[in-house]
Amino acid sequence: MKNNGSKAPIFETDDERSYFLTTLFKQTHIHHGGSFTPHVTPHVKKLLEVLEKEMSRTEIMEVLVLKDRKHLAQKYLKPAIDGGYIELIIPEKPTSRNQKYKRTERGKEIL
């Protein structure tokens with residue numbers, strides 16, 4: 001998975017071991033003549049362009065002129081976090097009212 005640019009798989013189970021869940025991530029890079037170019041959706045690219053500093057969800061929605069929090073989460077934030085392009089500044093408290101998002105080094109490379 002690592003060699004093809006995919007995120008590491010996630011393995012989950014409960015204490016009773018009544019289930020086992022594996023999450024595999026698709027390849028996040030497209031191969032071009034010996035180098036890898038990250039592939040991002042237009043939504044994620046737009047988010048990375050406006051995320052010049054740490055910003056809250058509300059600030060991001062204002063800049064992107066979005067009204068639906070669910071749309072922001074599904075089309076912008078989740079894919080950008082899953083791809084390693086942005087990160088939460090308070091990762092241990094993802095629902096904190098003080099939560100903000102910032103570009104990662106990988107996110108900066110996209111631009």
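Let's start with two helices: α1, residues 42–50, and α2, residues 57–64, pack at an angle of about 105°, and their axes are 11 Å apart. Axes here are lines fitted to C-alpha atoms, for helices over the stretch in contact, and angles run from 0 to 180 degrees between N-to-C directions. Helices are DSSP runs of H or I with at least four residues, strands are runs of E with at least two, and both are numbered from the N terminus. So α1 and α2 are roughly perpendicular to each other; that label covers 65 to 115 degrees, with under 35 roughly parallel, over 145 roughly antiparallel and the rest oblique. On the α1 side the contact is made by K46, L47 and V50, and on the α2 side by I60, V63 and L64. Contact means heavy atoms within 4.5 Å.

A quick word on the model, friends. It is predicted, so local features need pLDDT of at least 70 and side-chain atom pairs count only at 80 or more, while totals for chains, interfaces and linings use all residues. Residues are numbered from 1 along each chain as its sequence is written, and side-chain values use heavy atoms, leaving out hydrogens and water.

Back to α1, which also packs with α3, at about 80° and with axes 9 Å apart. That makes this pair roughly perpendicular too. Here H43, V44 and L47 of α1 meet a group in α3 that includes H71, Y76 and L77.

D14 sits in the loop between β1 (10–13) and β2 (20–23). What about a salt bridge for D14? D14 is buried yet has none, and the nearest side chain of opposite charge, R17, is 6.7 Å away. A salt bridge needs a side-chain nitrogen of Lys or Arg within 4 Å of a carboxyl oxygen of Asp or Glu. For charge, Lys and Arg count as positive, Asp and Glu as negative, and His and the chain ends are not counted.

R17 is in the loop between β1 and β2 as well, and R17 is exposed, at 66% relative accessible area. Though not a glycine, R17 has a positive phi of about 55°.

Methods:
Buried < 20%, exposed > 50% of the residue type's maximum accessible area, 1.4 Å probe, protein only.
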